[in-house]
Amino acid sequence: MGKTGFLLSLMVVVLLPTFGATLSADTPNNITTDQLALLALKSHVTHDPRNFLATNWSTITSVCNWIGVTCGSKHHRVTALNFSGMVLTGTIQPHMGNLSFLAWLDIGDNNFHGPLPVELSNLRRLKYLNFGNNRFSGEIPSWFGSFTKLQSLFLNDNNFIGVIPSTLGNMSKLEMLVLYDNDFKGQIPTTVGNLSSLKHLYLENNQLSGEIPSVIGNLISLEFLDLSFNNLTGRIPTLPPRLIMFTLSENKLDGEIPSSICNLSYIEVLVLSMNNLGGIIPECLGNLSLLHLQLEMNNFHGKIPAILFSKNCLLRTFRIGSNQLEGPIPQSLINCKDLKVLDLGNNKLNDTFPSWLGNLKNLQVLVLRSNRFHGNIANYEGASSISHLKIIDLSDNNFNGYLLSKFFENLHAMVNGSKNKGQAEYLTYKFSKINRYHTEYLSIIFKGMERHFMGILTTLTIIDFSNNRFNGEIPEILGELSSLIVLNLSHNSLIGPIPSSLSNLSELESLDLSSNKLQGRIPAQLVNLDFLEVLNLSCNNLKGLIPRSNHFDTFTNDSCSGNLGLCGFPLSKACDQDLESPPTKFDDTRRELNWKFSILMGYGCGLVFGLSMGYIVFTTGKPWWCIQIIERVQPKYVGRKIRRSGGRK
């Protein structure tokens, strides 16, 4: 018996280290397991254009030194992976589920695709998970609800389908849920009301339907809520009290703006545009500290409340276009000193031109189109203060009078253009608390068609005075607005010639002067507008040959039709043979050569005439008066010459 006990003890001593080593190797509890998981990921990366993994992830170096890998100081296990923006292409493998110490996983802004393996549900320590801006597909797995420690979840900009799983409501510590730009359908799950720590909820640009769940009002920590570009219906519920941003544009909500919105004391951005909302605009909105108020494309009626614009007005954007509003523009709007975008278009507003707008020195976009404005703009008081204005749309009103030069002479933003022409920049507002921007958008007639710009480029410059009753001539000063991209003066009563100075608009892409009473020839210099895509000079009194060039020959017959005196391509009417064709290109070199040639011709003619006269006079002795002049002048000239020679001795 004692011998047997001794042998058992000896076996334990001998085999225990071996068993421990085997157990350690077979369970995912060491750095080797993490290395194998990452090498499996590397083997399924099919494209690594910058060779981040190919040159750095090697078994001869510690996994903790690999690019994008962070290890914990205590257990020396992989705790964070960051491949964001490496432009990798590949799939996520089940081995990733063995990274049991992983708390941070960021593979955003790559080209990973395929479904998400269920083994990822083993990553119970995750606090941050970013799969955004890839090409993942399929449904969001229900096992996402097992990430009970997760604080941030980014699944945006992918190809996810199906419904938003109700199990997401189990992530009680979640602060940021970002699901925008996918193809989710169905309703917003009511379990979202369990996310008591949630601060950011972005569900925009999906196919969500049904009503906004009332439990959203229980999210007392929520600050940013974006539900825009879905198919949501019903009415606006009571909203969380700490909201800073609420955007709901392009849905199908109806009813009035609830008075509870006026209790949102932190709100900065309120976007309710493109719905079926109606009623009057609540006056209590004027009590809020709004920076952006956008209510366009609804069914609001009545007048614009003057009380909206208090002396402490902070508005940078005010958009109420495409409603049924009437009456004048409240002059209290002058209190909004930081206003950049003012869109009142497509209403029933009845007023004269708001000349006091010149005091809004930061105004960049002014849209008054399709209202009942009348009178002239000649008495514009603040012309010197509109130097930042880049887009002005007064079309489809009853404005009249002359287009005076002083109105245009201070549009410095249309002269100097953007400071960074090589880089596309948009008119945006950055939130102070997060790295997120609110981008301005615009609906406007552009190149003959109404277009909806999802962002306003800072380089976009437009003047649209069409469909009014302006008269007189087109001012030459318009040719100084060298950054202008769209000029539309059509359907007015303008007379006189087309100014040749318009050829200086080197950035111009669209020129519409149709349906006026313009006269004379089309300036040949217009062929120098190399970026011109749209030209409409139809229905005027223009005459002569239409200028030709490779660029001008692309315009259709409609661009010049309705001018009985015009001829030549693209019209079918041929010109008379004696009609001289104007030059196709004008430049300073040709003008300089013509000037020099004229001088040389003058000298040549004078020389021939002088020699001929001298020969006749001295051979015939006539005319006698010329001989007398020469004889009187010659002694004086010889005397002066002798005296000068003597003075030098």
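How many bridges join E18 to E20, and do the two strands run parallel or antiparallel? E18 and E20 are joined by 2 bridges and run parallel.

**Figure 1. The whole predicted model.** This structure is a predicted model, in which local features need pLDDT of at least 70, side-chain atom pairs count only at pLDDT 80 or more, and totals for chains, interfaces and linings use all residues. Residues are numbered from 1 along each chain as its sequence is written, and side-chain values use heavy atoms, with hydrogens and water left out. The pLDDT is the predictor's confidence in each residue, on a scale from 0 to 100. Its mean for the protein is 83, and 77% of the residues reach 70 or more. The protein has 7 helices and 43 strands. Here helices (H or I, at least four residues) and strands (E, at least two) are DSSP runs, numbered from the N terminus. Of the 649 residues, 48% count as buried; buried means under 20% relative accessible area, exposed over 50%, and partly exposed in between, with a 1.4 Å probe and protein chains only. The accessible surface comes to about 31800 Å², and carbon and sulfur atoms account for 53% of that area. Such areas come from the Shrake-Rupley method with a 1.4 Å probe, and for residues only the protein chains shown count as cover. Among contacts (heavy atoms within 4.5 Å) between residues at least 6 apart in sequence, 52% join residues at least 24 apart.

Figure 2. Two strands pair if DSSP finds at least two bridges between them.

**Figure 3. Surroundings of Asn-298.** Asn-298 is located in the loop between E21 and E22. Its relative accessibility is 5%, so Asn-298 counts as buried. The side chain of Asn-298 reaches the backbone nitrogen of Leu-277 at 3.0 Å. This is a polar contact, a pair of N or O atoms within 3.5 Å; within protein, one must be able to donate a hydrogen and the other to accept it, and residues adjacent in sequence count only if both atoms are side-chain atoms. Beyond its neighbours within four places in sequence, Asn-298 is in contact with several residues, among them Leu-272, Ser-273, Met-274, Asn-275 and Asn-276. Ser-322 and Asn-323 are also among its contacts.

Figure 4. A disulfide is a pair of cysteine sulfur atoms within 2.5 Å, and a search of the whole structure finds 4 of them. With the bonded cysteines numbered in sequence order, the pairing is 1-2, 3-4, 5-6, 7-8. The sulfur atoms of Cys-64 and Cys-71 are 2.1 Å apart. The torsion about their S-S bond is about -95°, so this disulfide is left-handed. Cys-64 counts as partly exposed because its relative accessibility is 25%.

**Figure 5. The disulfide of Cys-262 and Cys-284.** The S to S distance between Cys-262 and Cys-284 is 1.8 Å. The link has 55° about the S-S bond and is right-handed. Cys-262 lies in the loop between strand E18 (254-255) and strand E19 (269-271), and Cys-284 in the loop between strand E20 (276-279) and strand E21 (292-294), so the pair ties together parts that are 22 residues apart in sequence. Cys-262 counts as buried at 16% relative accessibility, whereas Cys-284 counts as partly exposed at 23%.

**Figure 6. The disulfide of Cys-313 and Cys-336.** In this disulfide the sulfur atoms of Cys-313 and Cys-336 are 2.1 Å apart. The torsion about the S-S bond is about 95°, so the disulfide is right-handed. The pair links distant parts of the chain, 23 residues apart: Cys-313 is in the loop between strand E22 (299-303) and strand E23 (317-319), and Cys-336 in the loop between strand E24 (324-327) and strand E25 (341-343). Cys-313 counts as buried at 11% relative accessibility, and Cys-336 is buried with a relative accessible area of 0%.
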